[in-house]
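Take a look at the chain below before reading on. Keep the sequence and the 3D view side by side.

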Amino acid sequence: MDDQNKNLILATVLSFAVIVAWTTLFPPEDLPVDPATESAQLLEDATLPASDPVAPTAMTPTDAPEAAAEAPRVPIETDELSGSISLLGGRIDDLALTQYRETLDEGAPIVRLLKPVGEAGAYFASFGWTATDGIDASAVPGPDTVWSLESGDTLTPTTPVTIAWDNGAGQIFRTEISVDDAYMFSFAQSVENTSDAAVSARPYGILRRHGEPADLKNFFILHEGMVRMTDGELEETGYSDITEYAVDPRERTQAERLDVTSSGWIGYTDHYWMTTLIPEQGVPFRSTSKYFDVRDLYQVEAVMPIETVAAGETTTVTTRLFAGAKEWDEIRHYQDEEGVDGFLDSIDWGWFFFLTKPIFALLHYLNIVIGNMGWSILALTVILKIIVLPLAYKSYVSMAKMKELQPEMEKLKERAGDDKQAMQQGMMKLYKDNKVNPAAGCLPILLQIPIFFSLYKVIFVTIELRHAPWIGWIRDLSAPDPSSFLNLFGLLPFAAPEPGSILALIFIGILPILLGVSMWLQQKLNPAPTDPTQQMIFAWMPWVFMFMLGHFASGLVLYWIANNIITFTQQYAIMRSHGAKPDVFGNIKASIKKKAASEDAKKEGK
């Protein structure tokens with residue numbers, strides 16, 4: 001590879017880095033949308049009435065810890081979940097994910113997703129009704145109604161429970177709560193009208209979160225906050241942006257309200273967990289995200305159309321609640337098999353979704369076959385390299401031809417001397433006569449950049465990589481290599497530096513060091529550039545990357561090492577097959593001699 005080609009590669013990499021940094025620091029502004037205009041247009045066609053008889057305060061739970069603590073509870077027991085339902089408002093406010101622990105430490109607590117009022121980070125779901133016509137506001141159950149247990153004693157996948165509330169005015173409200181063997185709850189809200197007149201009420205579901213989550217990552221590559229689907233359009237709003245909502249007079253607080261005409265859902269997503277309200281698909285509903293500034297409360301609501309119940313009749317509306325881990329297989333099942341429109345997009349696939357989705361799907365299936373995520377990443381690397389091999393082949397062939405032209409290039413430099421224009425014209429003629437494309441060497445890098453970022457996103461975001469072991473000391477492929485040069489990778493009797501500390505930044509682990517060595521060896525397929533500045537940049541690049549990527553996820557570093565090794569092998573074999581003979585050991589010796597000569601020159605200069 002000649003100096004011009006290396007300049008082009010370096011310029012391409014630096015340009016891409018500048019674009020990514022600029023886009024990250026100064027993202028494009030979203031086009032403004034007037035919720036009131038959009039809402040009015042939707043309401044003309046939907047079955048939701050144009051007037052809004054629902055008082056927002058009717059769906060605003062009180063936060064009295066004493067009431068929450070004293071209310072009776074119904075246990076929840078499944079293979080994936082444990083917790084309880086409070087009969088105060090029929091709240092699911094105590095939910096733990098039994099298959100996930102906070103850390104890899106022995107005896108680490110299991111992950112708690114929902115917490116009752118009175119605990120730090122209270123977070124719960126509640127379902128109820130709001131009065132419209134023929135019934136008083138006090139005669140419908142709200143978020144603070146104390147229900148009675150009518151049937152069932154423990155909620156399991158095979159035993160639903162039913163809670164009931166009699167308003168004493170001729171209407172009996174019931175909610176049958178069921179759960180599947182994963183993370184989906186169903187709330188069948190019914191009204192039995194035993195009076196002699198029709199009544200109208202509107203069912204709703206809410207999610208309330210007290211403050212931001214304690215483990216908020218606040219990292220640009222990850223979305224945490226409100227997520228909703230509105231008739232096929234995904235919206236993701238971070239917590240900081242929610243606090244900037246304008247006050248909506250209809251909601252009497254800061255809010256953004258949309259009317260869904262056919263299908264959608266709304267909820268909150270964390271790094272690995274999610275809680276989402278899912279009304280019946282195909283039925284219009286109101287989707288609202290709110291923020292109560294005074295008490296730092298976040299709330300989302302799904303408000304269904306008005307239900308009119310004739311005398312002697314019963315009506316039922318079912319709303320689902322997803323509360324659990326964002327497991328790809330389960331979420332895909334709910335989307336494809338149970339009709340939750342666009343539910344797979346609740347996982348944050350990022351800008352390169354057209355790559356991240358198929359890359360993760362392939363990785364998932366490889367893991368099913370192999371049974372280990374580390375080896376699956378290596379298999380994925382091989383498959384990706386095979387896919388891009390035709391382009392890589394052309395690139396390496398071009399590089400081999402350019403190496404053959406090296407003697408001609410040297411003669412051209414001697415003839416041109418300091419005449420840069422003559423040098424450029426001579427080079428272009430040489431390339432044209434020999435049918436060589438100097439930019440071909442950039443193809444592998446240009447292909448590798450989006451693949452690298454896509455895999456980075458996949459490893460960082462998906463729960464399947466969380467706490468996934470590979471071999472030996474690599475017990476979590478989503479975390480950095482825990483080994484350290486400081487204690488000779490565990491041979492010395494003291495612990496490695498704490499992650500995030502200064503020592504941890506310097507004394508990196510085994511995988512990052514292997515990454516630096518693999519990049520260095522890959523460089524040695526070609527002689528060092530003649531330009532001193534380029535020579536210095538390329539000499540330092542492997543070791544700079546070694547420290548830069550040293551604190552990335554182990555799975556990503558593992559991929560990069562495997563990619564470097566395969567690239568080295570491919571390039572070496574292709575160049576050899578076209579007459580070029582890469583002198584790896586000779587290039588290593590030459591670089592050592594140049595370094596020694598440079599040191600001697602510095603000493604003589606002193």
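This report goes from the whole chain to its sheets, its cores and its salt bridges.

## The whole chain

The model is predicted. The protein chain has 606 residues, and 49% of them count as buried. It contains 16 helices and 20 strands.

Strand β1 covers residues 73–77. Strand β2 covers residues 81–86 and runs antiparallel to β1, with five bridges joining the two. Together they form a hairpin, with three residues between the strands. Val-74 has Ile-85 as its bridge partner in β2.

In a regular strand, side chains alternate between the two faces of the sheet. Now look at β1. Val-74 and Ile-76 make up its covered face, while Arg-73, Pro-75 and Glu-77 lie on the uncovered one.

## The nine-stranded sheet

Nine strands build an open, antiparallel sheet in the order β6-β7-β8-β9-β20-β16-β15-β11-β12. The edges are β6 (148–151) and β12 (233–238), each of which pairs on one side only. On average, neighbouring strands are turned by 20° against each other, direction ignored.

Strands β9 (residues 184–193) and β20 (residues 314–325) pair through nine bridges, in the antiparallel sense. Here Val-191 stands opposite Thr-315 in β20.

## The nonpolar cores

Which residues have the most contacts inside the largest nonpolar core? They are Phe-185, Tyr-268, Trp-273, Leu-321, Phe-322 and Phe-343, in a core of 109 residues. Helix α11 (residues 443–461) gives the most to this core, with eight residues. A second, separate core has 10 residues, including Met-409 and Leu-412.

Leaving out residues up to four places away in sequence, Phe-343 touches Trp-265, Met-274, Thr-276, Ile-278, Phe-322, Ile-331, Tyr-334 and Gln-335.

Thr-567 lies in helix α15 (residues 554–577). Why does Thr-567 count as buried? Its relative accessibility is 6%, and the cut-off for buried is under 20%. Beyond residues up to four places away in sequence, Thr-567 touches Lys-385, Tyr-396 and Gln-522.

Pro-284 sits in the loop between β16 (273–278) and β17 (285–292). Pro-284 also counts as buried, because its relative accessibility is 9%.

## Salt bridges

The whole structure holds 17 salt bridges. One joins the side chains of Arg-73 and Asp-93 (2.8 Å, N to O). This pair links distant parts of the chain: Arg-73 is in strand β1 and Asp-93 in strand β3 (residues 91–101), 20 residues apart. Are the two partners buried or exposed? Arg-73 counts as partly exposed at 33% relative accessibility, whereas Asp-93 counts as buried at 1%.

Glu-192 and Arg-174 form another salt bridge (2.8 Å, N to O). Glu-192 lies in strand β9 and Arg-174 in strand β8, so the bridge ties together parts 18 residues apart in sequence. Asp-345 and Lys-357 also meet in a salt bridge (2.7 Å, N to O). Asp-345 lies in the loop between α5 and α6, and Lys-357 in helix α6, so parts 12 residues apart are tied together. Finally, Glu-251, Arg-257, Lys-290 and Glu-301 are linked in a network of salt bridges.

Key
Residues are numbered from 1 along each chain as its sequence is written. This is a predicted model: local features need pLDDT of at least 70, side-chain atom pairs count only at pLDDT 80 or more; totals for chains, interfaces and linings use all residues. Side-chain values use heavy atoms; hydrogens and water are left out. A nonpolar core is a set of buried Ala, Val, Leu, Ile, Met, Phe, Trp, Tyr and Cys residues joined through side-chain atoms within 4.5 Å. Buried means under 20% relative accessible area, exposed over 50%, partly exposed in between (1.4 Å probe, protein chains only). Helices (H or I, at least four residues) and strands (E, at least two) are DSSP runs, numbered from the N terminus. Contact means heavy atoms within 4.5 Å. Two strands pair if DSSP finds at least two bridges between them. Axes are lines fitted to C-alpha atoms, for helices over the stretch in contact, and angles run from 0 to 180 degrees between N-to-C directions. A salt bridge is a side-chain nitrogen of Lys or Arg within 4 Å of a carboxyl oxygen of Asp or Glu.
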